[in-house]
Every structure is written in structure tokens, then in C-alpha cells.
Amino acid sequence: MNKNYVSAFLALFCAVNTFAAEFTVNGVSYATLSTTTVKVTDYTGVGTTLEIPASVTNGGTTYSVTAIGENACKQKDLVSIVLPNSIIEIEGGAFYENPIISFDIPESVRTIGPSAFKKCNSLESLVIPATVTSLGNSMLENCTGLKTLSIYASVSCFGDFTLSGTSVENIYVPQGTVPSYADKFGSHLNYIEIGRYFKVLDEGDKTAAMVAPFEDAPEGYSGDIVVPETVDIDGVTYKVTEIAQDAFRNNTNITSITLSKNVEVIGETALQNCSNLTTITLSEGLKTIGVGALMGTAISEIALPNSLTTILNQAFKKCSNLKTVVVPAGVKSLEWLTFSECTSLEKAELLGVETMGDDTFYKCSMLNSVVFPASLTAIGRNTLALCPNLATVTCYADPAPTAYDRSTIFYNSSADVIVYIPVGATASYTSAWGEKNYVEMTSTAVEKINVNKPGRSVKTIENGKIVIIRGDKKYDVNGRKL
């Protein structure tokens, strides 16, 4: 035999055997794919957690781990599996029948073989990244616990892929792809565009609500949010009339939100504890702000539209940056704790409120002035309690609004607060609210003021401006010390 031929044959034989070499490190077996890459072929460890390294060293050579081989981790009782970003391929049956609770497919993965996750019954959600170009049949077959599937990949990569034997109800897909996926998997499933989450409220009225992403959604809301006027769901256009309960709750990633003209309701706790939300823009058409809807946000100002009719309890509680608020005339009732603990609130004006619940402005430590309308008939306990900087309260109601417990109205607030009231209403207010520094509002520039201690306060003019003198102190008409 020719010596050159023999030498070439031996070299080829050695090379083939080198590429096919197998070795085990830390309970994971590998087979060489090339002189620099390997794939996982078996797991012989005893733990229920498996973390595949990005690289592995054997015989002085370091290899990149680029694949999980066929049936490599089949029926290994693995609860947790972590793959590195070096993995390009997951072969057929790779994780067949394991009690995996959650699984992240790295964005490096291009292909996933048939039955790769078949019978992984504890798996509840899965995200298929956009990098995936091929999915094997029966990949998720009989994953009975699977409820949510998030897909960034093109629908073309699914082939004959089905969701047979799963409990999938919600499928998150890229914007504009709902028809394609509905055609693939059936229109009976709930398709939600990634980054925009809505639900139908009324088929007849064609209305929808913006809702919270499910806990395992691929991405939530962040940055500057604009609630659209309409949304297309399964080819039908719906008006977005509501921000649903808890839609943005506890989301620290959003910084502003703008409502379209169609939004009528901000639901219960919809924006609660959005601690980085500094700006909210409302439009005419909004009717209801729900329980705790903006509680704990970072807004410093808000323009409430004239269309507003309902503000429910705790709606603005702990909005610690809010400085001023004007409640429009259409709102007839403020429930308990509406503006409580708004520690930067300086001024508040109510234009048409008739009744106020307990603790409306409780612990508003910087509150300086409040204006109550002529329509006000009743107030609850602790309405202005623990407001140490309160200087003036102007109330146009006559007779005085009844108080559930008059001793708590100004509990631990400034003793020097001036209460402006209609002419002739002092007796009514003294009876309803107790003895306070009442100033009857008239157009006369200079007059004695009928207060609980006659002669103590006098309104006069100094340098062309009205000045209120009480004892040795002077105040302007807004109650600020001069």
C-alpha cells in the first residue's frame, strides 16, 4: 500500500476519533463537534438543578458548549435548567419529561428539535425568542401545566407545531401579528400584543380596557405610556374606555401616562405605587377615578377635567409631590382619605363637593389654604387634622356644613388658622365646628370681624392692601403671616 495513502488514512482516522471524543465534567457528558465546540450528551449528576456552562475544558483544550444533544437530559427529574448564551441548538427530546418549573431559552438558540420539552408538566410559561428559526413538531406536546406562551419568533418557524395537550390560554405575540398566530393556533386563544395589553369590555358597544400584563408576560409597561383611542383585537376595532384595575400597579418603570379622549375610567389601584410616575395627562371625557387609583405616585400637579364626576376613596393618598389640586364642580362627594398624607400639598379648592368623608386632608403637613364650596353640607372626622401649616380655610356654605365630630376637624392643626365664612354665619359655624377664628367675608375694606373672641381680629388697609390684625400679628387675605 502506498505510504502516503496510509498516512492520510491514519490522519483522517485520528481526526474523526478526536471530533467524536466524549468526556464527562461535573456529571455532564459532552461529545466533541469540532476542535473548539461540544454538545451535551448526558447528565449523570444527582441534583435537580442543572446549569450548563458556556465552555468546558478537557485534556488541556477548552470547548464552547453549543448544543444540547438528542435526549441528553430526558427524564432526569430536573426542576431547574439554566443554559448559557453559547447554545445554538436544542435537539429532539433534549428535556423530555422533566418537572421543570420555569425555563429561559437563550437568544443564541436557532433551532429546537421535536419533543424537546414534551411532557414537562410543571412548566407554566415559556418565551420563544426572535432568534429561533425552526421548531420541531410536538415540542410542547402534553405540557399540561403550560398556560402562557410568549412568542417573538416568526410564525413561519412553527411548521406543523401544535399546542396539543397543553393548557395554553394566553399567547403574547409581536404587534401586528395576531391574525397570523390566530390562523396558526386557532382564534379561541387569547392573543395579546407584546407591549400592549387589552381586554374586551363590551362586544356590543365595542369597548375595551387596558389591562395589566400577566406575571409571566415577556415585558411590561415602561417609560412614557400613551393610552390609545382604539385598539384592534382579532380584526375588530374597539374604543379604549378604561384603564383596568391594577393595570400599572407597583410599576416603577413608567414615568408618564397620557389618556386618550375615550378613557372614562381609571380603575381601582390602576396606578398605585408607580413611584416614578411624575406626569399624568387627563382629557375631557374622564368620569371616574377609582379606589387608590393614583395612590403613591410621584405626580406634582394634575389637571382634573370638568367631565369628572367620581373620585373614590384613597384616590390620591400619599401623592407626596402633589402641590395643588382643584376638584371640578361635577364631583359631588369625596370619600375617606382622598388626599391624605399628600405631604407637599399646599392649596386645595373644591368647586362643587357636597359631602366629604373622614380624613380627606389628613396629615397634609404643608397644606396652607383650602376652599370649600357653597354646596358643601357635611364633612367627616379629621378632615383637616394634623395640618400644622394650615393658615386659611374659606367656606362659602351657609349654613355651616355639619360635622361628624367637630372636635376632630382641625385636630393638631395650626391654632392660628383663619376660617373665612359668609356674612352672618358665625353662629352657625360655631355651633357646627366649634370656636375658631372666624372672619365673615364682606366687600367692606375696613371693619371689625365677628369672631369667637370679639375685638381680637380687625381687617384694615395698609399700603393699599387688606391686612388682618390679630393680637400682635398681621396676615394677608390668604392667611399668610406678614
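## The protein as a whole

A contact here means that heavy atoms lie within 4.5 Å of each other. Among contacts between residues at least 6 apart in sequence, 33% join residues at least 24 apart. Keep in mind as you look around that this is a predicted model.

The protein has 3 helices and 38 strands. Of its 482 residues, 48% are buried. The protein exposes about 21800 Å², and carbon and sulfur atoms supply 48% of that area.

In soluble globular proteins, nonpolar side chains tend to be buried together. Here, the largest nonpolar core has 79 residues. Phe248, Phe316, Phe361, Phe372 and Trp433 have the most contacts inside it. A second, separate core holds 54 residues, including Ile87, Ile90, Cys143 and Cys157.

Leaving aside residues up to four places away in sequence, Trp433 touches Phe372, Ile379, Cys395, Pro401, Ala403, Arg406, Ile409, Phe410, Val419 and Tyr438.

## Helix H3 and its two sides

Helix H3 covers residues 426–433, and its buried residues are Thr426, Tyr429, Ala432 and Trp433. Seen down the axis of H3, these buried residues fall within an arc of 140°, so they line one face of the helix. Ala427 and Ser431, on the other side of H3, are exposed.

What do the buried residues of H3 pack against? Their partners are strands E29 (369–372), E30 (378–379), E31 (392–395), E32 (402–403), E33 (418–422) and E34 (437–441). After H3 comes Gly434, with a positive phi near 90°.

Notes:
Residues numbered from 1 in each chain as written. Predicted model: local features only at pLDDT ≥ 70, side-chain atom pairs only at ≥ 80, totals over all residues. Heavy atoms only, no water. Core = buried A, V, L, I, M, F, W, Y, C linked by side-chain atoms within 4.5 Å. Buried < 20%, exposed > 50% of the residue type's maximum accessible area, 1.4 Å probe, protein only. Helix = DSSP H or I, 4+ residues; strand = E, 2+ residues; numbered from the N terminus. Arc of directions from axis to C-beta. Areas by Shrake-Rupley, 256 points an atom, 1.4 Å probe, with all protein chains shown as cover.
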